[in-house]
Amino acid sequence: MGESDMTTKTDGGEDEAAVSRFVERFAAEMTAAGMQRMASRVFAALLASETASMTSAELAGQLRISPAAVSGAIGYLTQVGMVSRERDPGTRRDRYVLHNELWYETFTRRDQVLIRWEKVLAEGAETLGRDTAAGRRTAETAEFFAFLHGEIGGIMDRWRARKAAGPQET
């Protein structure tokens, strides 16, 4: 029997091995960008699931990790607002679900972080003295975050318009 004869399919018809490779590849990219490794793997598995939701047992089985690892990853992902916990109807099991408009919501929350950072940095620049190297560096960092804050609103508006227009060819 060749390797292709042993391919198994997911409920959505995808090749499980190919899905697993995608999950691990995307998780590695998120980890390289600074996200916790296990949280990256759990997030990528949820993203790749047909329903964008899985139970702890399903995540543990697919990723071959312990329930404790799933719990820690879900704790982090819930804290940063990337997933939510819902009760599986008619059971005592929790189901973990990706938020609708995940990236939009994530960047909108980041916008609020930028405002807070900008304020603290501007105050820091005054404290350090704008005539010092540290004060100028801190003031420039505050200006950078103010710039990002100003740009994110326009980016989000363009995203909503693009999404309303329908799928784009790549």
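Arginine 95 and glutamate 58 form a salt bridge, and their closest N and O atoms are 3.5 Å apart. The term salt bridge here denotes a side-chain nitrogen of Lys or Arg within 4 Å of a carboxyl oxygen of Asp or Glu. Please note that this is a predicted model, in which local features need pLDDT of at least 70 and side-chain atom pairs count only at pLDDT 80 or more, while totals for chains, interfaces and linings use all residues. Residues are numbered from 1 along each chain as its sequence is written, and side-chain values use heavy atoms, with hydrogens and water left out.

What does this pair connect? Helices (H or I, at least four residues) and strands (E, at least two) are DSSP runs, numbered from the N terminus. Arginine 95 is buried, at a relative accessible area of 18%, whereas glutamate 58 is partly exposed, at 35%. Buried means under 20% relative accessible area, exposed over 50%, and partly exposed in between, with a 1.4 Å probe and protein chains only.

Three strands form an open sheet in the order 1-3-2, with antiparallel pairing. Its edge strands, each pairing on one side only, are strand 1 (53-55) and strand 2 (83-87). Two strands count as paired if DSSP finds at least two bridges between them. From one strand to the next, the twist averages 30 degrees. Helix 2 (residues 37-48) packs on this sheet and touches strand 1, strand 2 and strand 3, and its direction makes about 80 degrees with that of strand 3. Contact requires heavy atoms within 4.5 Å; axes are lines fitted to C-alpha atoms, for helices over the stretch in contact, and angles run from 0 to 180 degrees between N-to-C directions.

Helix 2 itself has 12 residues and spans 17 Å from its first C-alpha to its last, close to the 16 Å expected at 1.5 Å a residue. That expected span is 1.5 Å times one less than the number of residues. Among the buried residues of helix 2 are Val42, Phe43 and Leu46.

Serine 53 lies in strand 1. Is serine 53 buried or exposed? With a relative accessible area of 10%, serine 53 is buried.

Strand 2 and strand 3 (residues 94-98) run antiparallel and are joined by five bridges. Arginine 85 stands opposite tyrosine 96 in strand 3. The side chain of arginine 85 also meets that of aspartate 94 in a salt bridge of 3.6 Å, N to O. Both partners are partly exposed: aspartate 94 at 22% relative accessibility and arginine 85 at 46%. A network of salt bridges links Arg85, Arg87 and Asp94.

How many salt bridges are found in the whole structure? The search finds six. One of them joins aspartate 157 to arginine 160, with the closest N and O atoms 2.1 Å apart. These two residues lie in helix 6 (residues 133-165), three residues apart, about one turn of the helix. An α-helix has 3.6 residues a turn, so residues three or four places apart point the same way. Aspartate 157 is partly exposed at 43% relative accessibility, and arginine 160 is partly exposed at 37%.
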